Amino acid sequence: MLIAIDAGHGGYDPGAVGVTGTQEKAICLIVALKLDELLRGAGLRTYLIRSSDVYYALSTRATMANTQKADYYISIHANSATAASANGAETYVYYLGDQTEEFAQSVQASIISATGFTNRGVKTGNFAVLRETSMPAILVEMGFLSNSTEEAKLKDTSFLNVVAEAIFEGTAKFLGIDITSTPEVVEPEIEHWGQSAIDELFNMGIITSNKTPTANIIWAEFATVILRALDLNISADATAGEHWGQPAIDELLKRGLITSDKTPSSTISWAEFATVLLRVLDYNK
């Protein structure tokens, strides 16, 4: 069983900012890392969407969990409101009435029991990480940073550990896992070093779908990506029976970025990649 853990926000996106400056992205990561440790300690496999202060687009987060074929998804957030009196914890699902709601109810009850916060219940939310994930997914709002009393607790690491333990216990109860035993710790799934670069290209629109970091790239893909990176249009569509990538290759040839025709389905070598890249870097000078 694989559980994806997503610490909300990150990088240039701080999320909600508390009365005294506490940043949502920071406390979410603390909870996520502790939850990861607890789940692995119970013998479960985990996948951290982020393990450091980096930003991923919401759709990218869902794609990452889907690509890993996670069985469950937990998104961790802190709340904020215009009214300083707003308080309590709540858990969101995309829709009610199935095992996802049962999952959320178990986690929500555990959080309320552990923290003593007002129970705002399980609610529906049209959030990308709930809508676009292919597994049961919940989003936890663990309290209000806009409430000075709750912010004071949420910036305390020991209290955040309590929240993480509550999410863990609610998850374990839902899954029927005995957390009193001490199985061998399962090491976390480590994201490939190149995944963040792929995600960045996806966020920029230079690629339109997620890619496996260790997979080879073919000339059709490479030519298409180069043209997008240079913001150049392809002057012709593929003709009947022609490979979809041939027009992109033809465009590179026409613009002098390659000097001979390429087979669209053949892989590109490092020598070819380096040569074309140098031409691309010099293209708009």
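A salt bridge here is a side-chain nitrogen of Lys or Arg within 4 Å of a carboxyl oxygen of Asp or Glu. Side chains of opposite charge can pair when their charged atoms come close. Both Lys254 and Glu251 sit in helix H9 (residues 246–254), 3 residues apart, which is about one turn of the helix. Helices (H or I, at least four residues) and strands (E, at least two) are DSSP runs, numbered from the N terminus.

A quick word on what you're looking at: this is a predicted model, where local features need pLDDT of at least 70, side-chain atom pairs count only at pLDDT 80 or more, and totals for chains, interfaces and linings use all residues. Residues are numbered from 1 along each chain as its sequence is written, and side-chain values use heavy atoms, with hydrogens and water left out.

Back to our pair. Lys254 counts as exposed because its relative accessibility is 55%, while Glu251 counts as buried at 2%. The cut-offs are these: buried means under 20% relative accessible area, exposed over 50%, and partly exposed in between (1.4 Å probe, protein chains only).

Now zoom out. The protein has 10 helices and 6 strands, and its C-alpha trace spans about 70 × 40 × 35 Å along the principal axes. Of its 285 residues, 46% count as buried.

The structure holds 10 salt bridges. In another of them, the side chains of Asp53 and Lys25 meet at 3.0 Å, N to O. Asp53 lies in the loop between strand E2 (45–48) and helix H2 (58–67) and Lys25 in helix H1 (residues 24–41), so this pair ties together parts that are 28 residues apart in sequence. Asp53 is partly exposed, at 45% relative accessibility, whereas Lys25 is buried, at 12%.

Lys262 forms a salt bridge with Glu272, and their closest N and O atoms are 3.7 Å apart. This pair links distant parts of the chain: Lys262 is in the loop between H9 and H10, Glu272 is in helix H10, and they are 10 residues apart. Lys262 counts as buried at 18% relative accessibility, and Glu272 as partly exposed at 25%. Elsewhere, salt bridges that share partners join Glu90, Arg120 and Lys123 into one network.

The largest pocket has a volume of about 1,100 Å³. On a 1 Å grid over the protein atoms alone, a pocket is an open set of points where a 1.4 Å probe fits, with protein on both sides within 12 Å along at least five of seven lines; lining residues have an atom within 4 Å of a point. Its lining has 31 residues, and Ile198, Leu201, Ala215, Ile217 and Phe273 lie nearest its centre. The elements giving two or more residues to that lining are helix H7 (195–204), helix H8 (219–229) and H10. H8 gives the largest share, 7 residues. By type, the lining divides into 19 nonpolar, 9 polar and 3 charged residues.

Finally, visit the surface. Leu277, Leu278 and Leu281 form a nonpolar patch there, with about 290 Å² of accessible area together. Nonpolar patches join side chains of Val, Leu, Ile, Met, Phe, Trp or Tyr within 5 Å, using residues with over 30% relative accessible area and no salt bridge. Leu281 is placed in helix H10 (residues 270–283), and at 54% relative accessibility Leu281 counts as exposed.

Conventions. Patches are made of residues with over 30% relative accessible area and no salt bridge: like charges are joined within 9 Å, nonpolar side chains (Val, Leu, Ile, Met, Phe, Trp, Tyr) within 5 Å. Accessible areas come from the Shrake-Rupley method with a 1.4 Å probe; for residues, only the protein chains shown count as cover. Grid points are joined across faces, edges and corners, and a volume is the space filled by probe spheres set on the points. Ala, Val, Leu, Ile, Met, Phe, Trp, Tyr, Cys and Pro count as nonpolar, Asp, Glu, Lys and Arg as charged, and the others, Gly among them, as polar.
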